[in-house]
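Look over the sequence and the model, then read on.

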Amino acid sequence: MCQERDLARTRRWIADEERREAERRVGAARRPPAPEWLIERGLDRNNIVSVHTGECWDPGKRARPVTRAQAIEALRHQVPACSECRPDTVLGIEV
């Protein structure tokens, strides 16, 4: 009797873990792709703080995705490049 309860509990645990894994896979499949380029804005939305690559680990809370052309344009208009991810180097632009 005790072993049957343990077996039932183990089967429930396995089923719960399989359900969680399936949910994780569905969530990962539905997640939009990471942006290639980010522009970080200041408190004033018109003030652009810096340009980042999409893989940057420190883009700030006000970073928004942009196109490659927008990132290049911002760098050419003297917007600072992130000192960590160096988007200017990745894009081949000398600042």
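**Strands, helix and core**

Q: Is S1 largely enclosed or exposed, and why?
A: This is a predicted model. Buried here means under 20% relative accessible area. Four of the five residues of S1 are buried, so the rest of the structure leaves S1 largely enclosed.

Q: What is the order of the strands in the open sheet?
A: The sheet has three strands, with antiparallel pairing. Strand S2 (48–53) and strand S3 (63–66) are the edge strands, and each pairs on one side only. The order is therefore S2-S1-S3.

Q: How many bridges pair S1 with S2?
A: Strand S1 covers residues 37–41 and runs antiparallel to S2. Trp37 has Thr53 as its bridge partner in S2. Arg41 has Ile48 as its bridge partner in S2. The number of bridges between S1 and S2 is five.

Q: How many residues lie between S1 and S2 in their hairpin?
A: S1 spans residues 37–41, and S2 spans 48–53. The two strands form a hairpin, and the number of residues between them is six.

Q: Which residue of S3 is the bridge partner of Glu40?
A: S1 and S3 run antiparallel and are joined by four bridges. The bridge partner of Glu40 in S3 is Ala63.

Q: At about what angle does H2 run to S1?
A: Helix H2 takes in residues 68–76. H2 lies across S1, S2 and S3. Its angle to S1 is about 50 degrees.

Q: Which element gives the largest share of the largest nonpolar core?
A: This core has 12 residues, among them Trp37, Ile39, Val51, Val66 and Ala71. S1 and H2 are the elements that give two or more residues to the core. The largest share is four residues, and it comes from H2.

Q: Which residues does Ala71 touch, not counting those up to four places away in sequence?
A: Ala71 belongs to the largest nonpolar core. Contact means heavy atoms within 4.5 Å. Leaving out residues up to four places away in sequence, Ala71 touches Trp37, Val51, Val66 and Leu91.

Conventions. Residues are numbered from 1 along each chain as its sequence is written. This is a predicted model: local features need pLDDT of at least 70, side-chain atom pairs count only at pLDDT 80 or more; totals for chains, interfaces and linings use all residues. Side-chain values use heavy atoms; hydrogens and water are left out. Axes are lines fitted to C-alpha atoms, for helices over the stretch in contact, and angles run from 0 to 180 degrees between N-to-C directions. Buried means under 20% relative accessible area, exposed over 50%, partly exposed in between (1.4 Å probe, protein chains only). A nonpolar core is a set of buried Ala, Val, Leu, Ile, Met, Phe, Trp, Tyr and Cys residues joined through side-chain atoms within 4.5 Å.
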